[in-house]
Amino acid sequence: EEQLSIPPLPRSIFYDVEFRPHVGTLAIGAADRIIEWDLATNSAIQMLVLPGAIVQDLAFSPDGNLLVVGEASGVRLIDWENNQELPLYITDVPNNEVLFSVDGATVAYRSEVGDDIALRNINQNSPIQIKERGVSEPSSDIEFSADGQMLWVVMPNGIEIYNGVTG
């Protein structure tokens, strides 16, 4: 069994990891930063600091060029190829989970605070549909179907299914 050894970082509280498709590296969400780790050389390639952020979840687009970041205060979209933030920032929605649709055009995100579940088209930077749950128990997971047409929401008493394009 081989262990990945990452040296201590300032404020190094690790929250999430995500493999970057087609590249063979790993993105690590650590407190207010995201580190891209080369698995072949066991070393950091790049680091992006997001001042004031608490990174909670990461998801790469299918092509590996974009990274959606769920953080304690919202959702950010990063052009990972160019190491810069894009103008998609959703505030006031603390996020516990983010993911891309299979075509990379839609971001889904959920929050256990108020149990909001939302879709956003990244090309138009517009919300598709926001599901304000209003239930006493939060969802535990969201997942797109393989074709991206359905969004599965895992609830304590079963699974709810929504249209993955229109909500």
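This is a predicted model: local features need pLDDT of at least 70, side-chain atom pairs count only at pLDDT 80 or more; totals for chains, interfaces and linings use all residues.

Q: How many helices and strands does the chain have?
A: Zero helices and 15 strands. Here helices (H or I, at least four residues) and strands (E, at least two) are DSSP runs, numbered from the N terminus.

Q: OK. What share of the chain is buried?
A: Of the 167 residues, 46% are buried. Buried means under 20% relative accessible area, exposed is over 50%, and partly exposed is in between (1.4 Å probe, protein chains only).

Q: What about the accessible surface of the chain?
A: About 8,500 Å², with 51% of that belonging to carbon and sulfur atoms. Those areas come from the Shrake-Rupley method with a 1.4 Å probe, and for residues only the protein chains shown count as cover.

Q: What fraction of the contacts join residues at least 24 apart?
A: 33%, counting contacts between residues at least 6 apart in sequence. A contact is heavy atoms within 4.5 Å.

Q: Switching to side chains. How many salt bridges turn up in the whole structure?
A: Six. The criterion is a side-chain nitrogen of Lys or Arg within 4 Å of a carboxyl oxygen of Asp or Glu.

Q: Give me one. What does glutamate 36 pair with?
A: Arginine 20, at 3.0 Å from N to O. Glutamate 36 sits in strand 3 (residues 33–38) and arginine 20 in strand 1, so this pair ties together parts 16 residues apart in sequence.

Q: Are those two buried or exposed?
A: Glutamate 36 is buried, at 2% relative accessible area, and arginine 20 is buried too, at 7%.

Q: Which partner does glutamate 97 have?
A: Arginine 110, with the closest N and O atoms 2.8 Å apart. That one links strand 9 (residues 97–100), where glutamate 97 lies, to strand 10 (residues 106–110), where arginine 110 lies, so it ties together parts 13 residues apart in sequence. Glutamate 97 is buried at 12%, and arginine 110 is buried at 5%.

Q: What about aspartate 32, which residue does its side chain meet in a salt bridge?
A: Arginine 33, again 3.0 Å from N to O. Aspartate 32 is buried at 5%, and arginine 33 is buried at 11%.

Q: Where is asparagine 42, and what's its phi?
A: Asparagine 42 is in the loop between strand 3 and strand 4 (43–49), and its phi is also positive, near 55°. Asparagine 42 counts as partly exposed, at 35%.

Q: On to aromatics. How many pairs does the search find?
A: One in the whole structure. Phenylalanine 60 and tryptophan 80 have ring centres 6.5 Å apart and planes at 80°, so the pair is edge-to-face.

Q: What are the cut-offs for that?
A: Rings of Phe, Tyr and Trp (its six-membered ring) pair if their centres lie within 6.5 Å; planes under 30 degrees apart are stacked, over 60 edge-to-face, and the rest tilted.

Q: Are the two residues buried or exposed?
A: Phenylalanine 60 is buried at 7%, and tryptophan 80 is buried at 0%.

Q: Last topic: which residues form the nonpolar patch on the surface?
A: Met150, Trp152, Ile159 and Ile161, with about 360 Å² of accessible area together. Patches take residues with over 30% relative accessible area and no salt bridge, joining like charges within 9 Å and nonpolar side chains (Val, Leu, Ile, Met, Phe, Trp, Tyr) within 5 Å.

Q: Which strands supply it?
A: Strand 14 (150–155) and strand 15 (158–163) each give at least two residues. Isoleucine 159 is in strand 15 and counts as exposed, at 53%.

Conventions: Residues are numbered from 1 along each chain as its sequence is written. Side-chain values use heavy atoms; hydrogens and water are left out.
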